[in-house]
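Me: I have a model open here and would like to talk through a few parts of it. Could you go slowly with me?

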Amino acid sequence: MIRRLNREEILRYLGYKDSGVTERIEQLLNRCEAETLKILQSKYIYRRFPVEKGADGIRIPGTALVLFGNDIQEHLKNCNEIFLLGATAGIELDKRIRRYMVTEPDVGVIMDSCGIQAVEQIADLAEKEMEQEVSAEGCHLTWRFSPGYGDLPLETQRELVHVLDTHRKIGVSLTESCLMVPSKSVTAILGISDTKRDVRKNKCNFCNNRERCAFRKRGTRC
Amino acid sequence: MLDFKNQIIMLDGGMGTMLQAAGVPMGKVPEALNVTHGEAVIDIHRQYIDAGADIIYANTFSANRYKLGHSDYSVEELVTAGVVNAKKAAAASERDVAVALDVGPIGELMEPNGSLKFEDAYDMFKEMMTVGAKAGADLIVIETSTDLLEMKAAVLAAKENTSLPVFSTMTFEKNGRTFTGVTVEAAALTLTGLGVDAVGINCSLGPDDIYPLAQKLVEWTPLPVIIKANAGLPNLNSGGYDISAGQFAEQMDKFMDLGVQIIGGCCGTTPEYIREMKKMLSRRTAEGKRADRPAFVRRAAVCSSTQVVEIDGVRVIGERINPTGKKLFKEALLNHNIGYILTQGISQVEAGAHILDVNVGLPKIDEAGLMVEVIKELQGVVDVPLQIDSSHAGVIESGLRIYNGKPIVNSVNGETAVMEKIFPLVKKYGAAVVGLTLDEKGIPLLAEERYAVAERIVRKAESYGIPKEDVYIDCLTLTASAQQKEVVETLKAMQLVKERLGVKTVLGVSNISFGLPKREFVNVAFLTLAMAHGLDLPIINPNVSAMMAAIDSFNILYNRDEGSRFYVDKYSKIVEAEKNAQSAVPSVKPSDTKSLEYAVLNGIREYAADATRELLKTRSAMDIVNDILIPALDKVGADFESGKLFLPQLIQSATTAQEAFDVLKEYMSGQKDEGTVSKGKVIIATVKGDIHDIGKNIVKVVMENYGYEMIDLGKDVPIEKVVEAVQQTGAKLVGLSALMTTTVVSMEETIRAIHEAGCDCKIWVGGAVLTEDYARQIGADFYAKDAKQSVDIAKSILG
């Protein structure tokens, strides 16, 4: 259960830097946060798999999923197992944002940011469960690496959602161009390793968008 | 072969579960096993038949074109092999065993949530179904659906292309809704209307959790009900399920008392579960327990996929989506301004409308295309059911086809030719219908005569298999100033229709006062009288609070609003809000010429309209735009750029300016030759393949308020449509948005197509992964990082 959203994060998504939040905006933020929490349909699914590292990529035995690229190799360098994760804030949020973009677009963009924050928290909840599972074995998790980061192709999504059966299990599917529906959804790959979390590097280093990132220009991250 | 009346039909259990247990290699598509490991598949069927299954599902669940897209097999190969394997197993049995073509979801979400189009889904289902029928399937099962519109596409594909019986089962969560929000009641109403042979629930939950949903289902459909539950709840990591075959059968036992007739197992169940259920059935027989379904009471109800409206009291149909007599609405239709139409819809729902009438008829307009688009878009933002209003059968059918739920058709009348054209559509798509009490000879004057027409309509509807609960009779309002004597005949006729035919009544109310001053007074009085004479569905403008108040009061006076709870709750909130509004008046007075500027700078939307009206007394509309609105917006833009303001504030200022522009536009549409506040047309679109349109919408809102006439083509816009729009409108500036690297590709193709068509326009682009360089590379003239820069570009091109 998510009881509240992280206000600072929401403001950051909205491009807020350091100017004071006016009372009007404050009221809107309260309203949007309450509404988001009310209509949230939190769902997540994760599954644990061993991995086979080959010269051309990392294979997940028993599935057709292969992870290509140097960045995921590096990310999973200390790992023989992974979790695949899918999480979503649900479809009602998309509908609500669409409606507000027609009637009150200021509320619409705030709801959008609330939705992004919410799905991050849902993924955090799932991560906490996975963390518990592996820490009992004396292991640790890497951070959440998603298709499209670095040189891991966005198309990896196709097999990932197929393996997790997200359409059936949590209601998440892809469009032809690999966009997730509901839009406030995430997928990720988390490595399981027996060393401490020192492999965790700044995720901006992996990001294809780092040169043009609006967040980085403002001196923050997404 | 399938006798629903006298026996329980046993289905099979899980296929995936059994395949995994058989140890066959699970590749990308489990249906490939039909070809590579046919014997293993046949053996599983055989086990289910031995356990007692009367119908077995062929292994064809996901053998659709979308899911096979990246595999080495065709739909024809895998579906045919799947059906043939099942038939082999069935043929080897001594009992009569039927083979079902099993059809699961496409795997992509439909518009407006995703980008899958109704027609494309239909085609993919059609392909599976024609192949399955040809291969010899005995029936079609469409299952595990979470989207009612996708289910509808599949049902239509089955019924229009095969003559096989159709079973349809959807997958719900504990809260009684599917992932896309479909309720059990809405699914029951819609699928019953579409004429499937049996309807039910499968997957996701175990029997105990499905039970309360099944209780609802039997109340909302007269059809045989199917329950195919999971073996309890799954362990997401191990893939196992938590209840045994014995427990499963025990839990299924009580469904028999609900009159459920078709049972089986879904994920996690095995032949053992079917065998245990067979034992349960013979125990019941031995104990003399019968499976009697409670008598079915048909309800008058319509729905969207997420909301059922039962007509068991006064239900308001909002009349505002209709161009008749509305200049701005006509303009919006001609300019394809869907946003305006959506606003009209949303504001009526917020004012309390239960159903929205949708009429987009104008001469020389593609009414069918627009009807489809408006229904799709409206269903993407509101939950209420819609009433499809047109005088053309073709438009009505186009709307009926893609409507998600059970709509109302407006309308038929007593003319035989009209009824013969419209009733088959109403029946086929399972809608409700409005029947007007007029015919070839016009509107009869006397109540008895109108009753006679109503009776004819209801009888004729019944001859098409449309139950009278789905016919809403309109006794037609006459104008008091022209036919004063006959006003009361409408009321009398309505009473007769209610009493003698027992059908629901509908009435457009506001015509009564045409030509009179202070029409609202007469409208409220007539509405109140009409409700007292049995009106169920007033068609009104719900934004007129006196009309809604009349209904709310009626519900108190007729003891429908028990304890006046609804009334007290609604109106005490209104009193409270009025108090707050008085104390929250901003400190700047409307007479202050600076006030509009103040409102825009601070984003005080509720204040802008009055301030603009005040200004119009002394200044021209163009002056207000150029001297006040634009400079104020420029200042906001500059503050946004320098980081003093952030995005919501920029938008608030823009929407405040929007209020001012609305007043100016309305004012100028009443003036002969003051020209226009438009600074030129700009086309804007989120490119093909991309459904993330929030950025595009922000840019649109902001630019609109600089006076640019924004032609918004929406999201996932086909390349041809952009080119066509540029050619038709002659717009000199086109904005394209794309979020992902995958969709920048179609952005590039769109730009190329615009250039190849020889259009004389500039193109600017925006989106998360674009840069100045990247934009040039793909052929764009400009790159804008945000809404503010987009305005700067427009200024440089259009002034």
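This is a predicted model: local features need pLDDT of at least 70, side-chain atom pairs count only at pLDDT 80 or more; totals for chains, interfaces and linings use all residues.

Me: Switching to β20 and β21 of chain B, is their pairing parallel or antiparallel?

Reply: Strand β20 (residues 681-686) and strand β21 (residues 709-712) of chain B pair in the parallel sense, over four bridges, and B:Val682 has B:Met710 in β21(B) as its bridge partner. Together with helix α25 (residues 694-704) of chain B, β20(B) and β21(B) make a right-handed β-α-β unit.

Me: OK, helix α16 of chain B next. What span should it have?

Reply: Helix α16 (residues 447-463) of chain B has 17 residues, which at 1.5 Å a residue should span 24 Å, and its end C-alpha atoms are 24 Å apart, which agrees.

Me: Which of its residues are buried?

Reply: In α16(B) the buried residues are B:Ala447, B:Arg450, B:Tyr451, B:Val453, B:Ala454, B:Ile457, B:Val458 and B:Ala461. Seen down the axis of α16(B), these buried residues fall within an arc of 160°, so they line one face of the helix.

Me: What covers them, and what is on the face turned away?

Reply: The cover over the buried residues of α16(B) includes β15 (408-413), α15 (416-429), β16 (432-436), β17 (471-474) and α17 (487-501) of chain B. The face turned away from the buried side of α16(B) carries the exposed residues B:Glu448, B:Arg459 and B:Ser463.

Me: What follows α16(B)?

Reply: α16(B) is followed by B:Gly465, whose phi is positive, near 85°.

Me: Last topic: how many residues does each chain put into the contact between chain A and chain B?

Reply: The contact takes 47 residues from chain B and 41 residues from chain A. On the side of chain B that touches chain A, the elements that give two or more residues include α12 (338-350), α13 (367-381) and α25 of chain B, while α24(B) gives the most, with six residues.

Me: What's that side like by class?

Reply: The side of chain B that touches chain A has 19 nonpolar, 24 polar and four charged residues.

Conventions. Residues are numbered from 1 along each chain as its sequence is written. Chains are lettered from A and ligands numbered from 1 in the order in which they are written. The expected span of a helix is 1.5 Å times one less than its number of residues. A residue is buried if 20 or more other C-beta atoms lie within 10 Å of its own, exposed if 12 or fewer, and partly exposed in between; C-beta atoms are placed from the backbone. The arc is that of the directions from the helix axis to the C-beta atoms. Two residues are in contact if their C-beta atoms, placed from the backbone, lie within 7 Å. Two strands pair if DSSP finds at least two bridges between them. A crossover is right-handed if, with the strands pointing away from the viewer, the path from the first strand over the helix to the second runs clockwise. Ala, Val, Leu, Ile, Met, Phe, Trp, Tyr, Cys and Pro count as nonpolar, Asp, Glu, Lys and Arg as charged, and the others, Gly among them, as polar.
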